[in-house]
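I opened the model to look up a few residues and the strands around them. These are my notes, in the order in which I made them.

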Amino acid sequence: MNIADVVLRPATAADLWLFERQADESEAAGPFNWSGYRDIAGTRRRFEENRLIGPENGCLLVVQDDQIVGSVVWGKVTYGMPNWCCWNIGISLLPEFRGKGFGTQAQRLLVSYLFETSHFDRIEAYTDVENVAEQRALDKVGFKLEGTIRSAQFRQGRWCDLFLYSVLRDEFKVMTNESQGRRR
């Protein structure tokens, strides 16, 4: 498996099994994304309306060699005024694909896509303070740790703290140019 072969693509009707699996199996959602069983009907309705891609949020599949690895999502976050906004991103990989670099590459591709297709200057992500793998992935993509969001998610019978990360357009551009220079 080569992480260079990872691509993002919109979901099709044949792909809805992924969301069903993540809604029904705690292992498929992962310890940091599982907060109980979910109703898949809402996802199906959103898929029928807009293929899970809208002006305020979206979802793309992470695919490697035509095999679905997981999904990435984004949503608009505002800070006061409606035009003071950024994207917040997230990822969910199936258990058999975790720890192999797919998450880092998928998030790098998503950040690139969002900066190429929107005017937003900031992309943020949060992750559980215990999710060291995701913290490393965000760091590799170019995100900077900004702080702790206390008692923000209820999972496994307790409130959990999160770390907030962000990357700015110019920072990502510099990092991307530097990594391309090393490959030459």
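**Entry 1: a side-chain pair.** I started with glutamate 146, whose side chain makes a polar contact with the side chain of serine 166 at 2.5 Å. A polar contact is a pair of N or O atoms within 3.5 Å; within protein, one must be able to donate a hydrogen and the other to accept it, and residues adjacent in sequence count only if both atoms are side-chain atoms. I note that this is a predicted model, in which local features need pLDDT of at least 70 and side-chain atom pairs count only at pLDDT 80 or more, while totals for chains, interfaces and linings use all residues. Residues are numbered from 1 along each chain as its sequence is written, and side-chain values use heavy atoms, with hydrogens and water left out.

I then looked up where glutamate 146 sits, and found it in strand E6, residues 144–155. Helices (H or I, at least four residues) and strands (E, at least two) are DSSP runs, numbered from the N terminus. Is glutamate 146 buried, exposed or partly exposed? Glutamate 146 counts as partly exposed because its relative accessibility is 42%. Buried means under 20% relative accessible area, exposed over 50%, and partly exposed in between, with a 1.4 Å probe and protein chains only.

Leaving out residues up to four places away in sequence, glutamate 146 touches Arg122, Leu164, Tyr165 and Ser166. Contact means heavy atoms within 4.5 Å. I also noted phenylalanine 163: it is 17 residues from glutamate 146 along the chain, and their C-alpha atoms are separated by 7.4 Å.

**Entry 2: strand E5 and its partners.** Next I looked at E5, which covers residues 122–128. Six of the seven residues of E5 are buried, which leaves the strand mostly covered. E5 is joined to strand E7 (residues 158–168) by seven bridges, and the two run antiparallel. Two strands pair if DSSP finds at least two bridges between them. In this pairing tyrosine 126 stands opposite leucine 164 of E7.

With which sense does E5 pair with E4? E4 and E5 pair in the parallel sense, over three bridges. Asparagine 88 has glutamate 124 in E5 as its bridge partner, and isoleucine 89 stands opposite alanine 125 in E5.

Entry 3: E4, helix H4 (residues 102–117) and E5 make a right-handed β-α-β unit. A crossover is right-handed if, with the strands pointing away from the viewer, the path from the first strand over the helix to the second runs clockwise.

I picked threonine 104 in helix H4. Threonine 104 counts as buried because its relative accessible area is 13%. Its contacts, not counting residues up to four places away in sequence, are Ala137, Lys140 and Val141.

**Entry 4: the E3–E4 hairpin.** How many residues lie between E3 and E4 in the hairpin? One residue lies between them, and glycine 80 in the turn has a positive phi of about 95°.

Serine 71 lies in E3, and it is buried because its relative accessible area is 5%. Among the residues that serine 71 touches, not counting those up to four places away in sequence, are Leu18, Phe19, Cys59, Val62, Gly90 and Ile91.

Glycine 75 is also in E3. At 17% relative accessibility, glycine 75 counts as buried. It touches Glu56, Asn57, Cys86, Trp87 and Asn88, again not counting residues up to four places away in sequence. Glycine 75 and glutamate 56 are 19 residues apart in sequence, yet 5.8 Å apart from C-alpha to C-alpha.

**Entry 5: the whole chain.** Last, I looked up the totals. The chain has six helices and seven strands, in the order β-α-α-α-β-β-β-α-β-α-β-β-α along the sequence. Of its 184 residues, 43% are buried. The C-alpha trace spans about 45 × 40 × 30 Å along its principal axes. Of the contacts with a separation of 6 or more, 60% are between residues 24 or more positions apart.
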